[in-house]
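Let's take a look at how pieces of a protein chain hold on to each other. Have the sequence and the 3D view ready as you read.

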Amino acid sequence: MQQKIVLIGGPGTGKSSILREFIKRGYECMPEISREVTLKAQKEGIDQLFLEQPLLFSQMLLEGREQQYLDAEKSDAEIIFFDRGIPDVHAYMNYLGSEYPPIYEEKSNKYIYTKVFMCAPWKKIYKSDNERYETFEQAVKIDTFLKDAYKEIGYEIIDVPFGTVKERCDFILHSL
């Protein structure tokens with residue numbers, strides 16, 4: 001049976017670095033797509049789509065993450081790692097205090113991951129940039145909304161300890 005492993009956590013917690021290491025180790029991985037959506041919007045003249053049109057941004061993320069899940073279903077890989085999952089979408093909408101259609105939570109309950117690993121906010125590695133505009137304090141708050149969204153669905157969240165990327169990957173693999 002295929003294992004779908006999702007890495008969650010606020011922005012700048014090391015998820016993408018962990019995913020890059022898993023790719024180096026030969027695992028199939030589904031990358032974070034929010035940067036792609038943000039960059040596409042910027043090319044179309046919308047500087048911060050997430051802030052200016054959060055529902056449109058979230059709809060695009062939901063569609064993209066659902067497609068990643070469906071693509072994983074077609075894969076022969078025994079383990080597939082995801083940089084964020086479908087429930088992240090409504091968690092962020094909750095963080096913003098924005099209303100969203102019930103389909104967001106319905107899809108979160110429909111597409112189930114095998115295990116959820118949480119990368120906690122870590123000030124030592126946090127950096128903001130053109131696509132990651134949140135402050136560290138906002139990242140900590142987002143982290144809480146992510147935990148709540150996954151726990152409401154019934155996931156047990158496994159906390160990934162701080163350490164080198166290699167140590168964090170080894171921890172995840174030993175926890176499968």
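## Before we start

This is a predicted model, where local features need pLDDT of at least 70 and side-chain atom pairs count only at pLDDT 80 or more, while totals for chains, interfaces and linings use all residues. Residues are numbered from 1 along each chain as its sequence is written, and side-chain values use heavy atoms, with hydrogens and water left out.

## Two helices side by side

Find helix α4 (residues 54-74) and helix α5 (residues 87-96): they pack at an angle of about 165°, and their axes are 9 Å apart. That makes α4 roughly antiparallel to α5 (the word is used for angles over 145 degrees). Axes here are lines fitted to C-alpha atoms over the stretch in contact, and angles run from 0 to 180 degrees between N-to-C directions. Helices are DSSP runs (H or I) of at least four residues, strands are E runs of at least two, and both are numbered from the N terminus.

Who does the touching? On α4 it's Pro-54, Leu-55, Ser-58, Leu-61, Leu-62 and Arg-65, and on α5 it's Asp-88, Val-89, Met-93 and Leu-96 (contact means heavy atoms within 4.5 Å). Sorted by class, the contact of α4 with α5 has seven nonpolar, one polar and two charged residues. Ala, Val, Leu, Ile, Met, Phe, Trp, Tyr, Cys and Pro count as nonpolar, Asp, Glu, Lys and Arg as charged, and the others, Gly among them, as polar.

## Salt bridges across the chain

How many salt bridges does the structure hold? There are ten, each being a side-chain nitrogen of Lys or Arg within 4 Å of a carboxyl oxygen of Asp or Glu.

One of them joins Glu-73 and Lys-4, at 2.6 Å from N to O. This pair links distant parts of the chain, with Glu-73 in helix α4 and Lys-4 in strand β1 (residues 3-8), 69 residues apart. Lys-4 is buried, at 6% relative accessible area, whereas Glu-73 is partly exposed at 47%. (Buried means under 20%, exposed over 50% and partly exposed in between, using a 1.4 Å probe and protein chains only.)

Another bridge pairs Arg-25 with Asp-170, their closest N and O atoms being 2.8 Å apart. Arg-25 lies in the loop between α1 (15-24) and β2 (28-30) and Asp-170 in helix α8 (residues 165-174), so the bridge ties together parts 145 residues apart in sequence. Both belong to a salt-bridge network that also includes Glu-21 and Lys-166.

## One within a helix

Lys-147 and Asp-143 form a salt bridge too, at 3.6 Å from N to O. They sit four residues apart in helix α7 (residues 136-153), so about one helical turn separates them. Asp-143 is buried at 5% relative accessibility, while Lys-147 is partly exposed at 31%.

Terms used: Angles under 35 degrees count as roughly parallel, over 145 as roughly antiparallel, 65 to 115 as roughly perpendicular and the rest as oblique.
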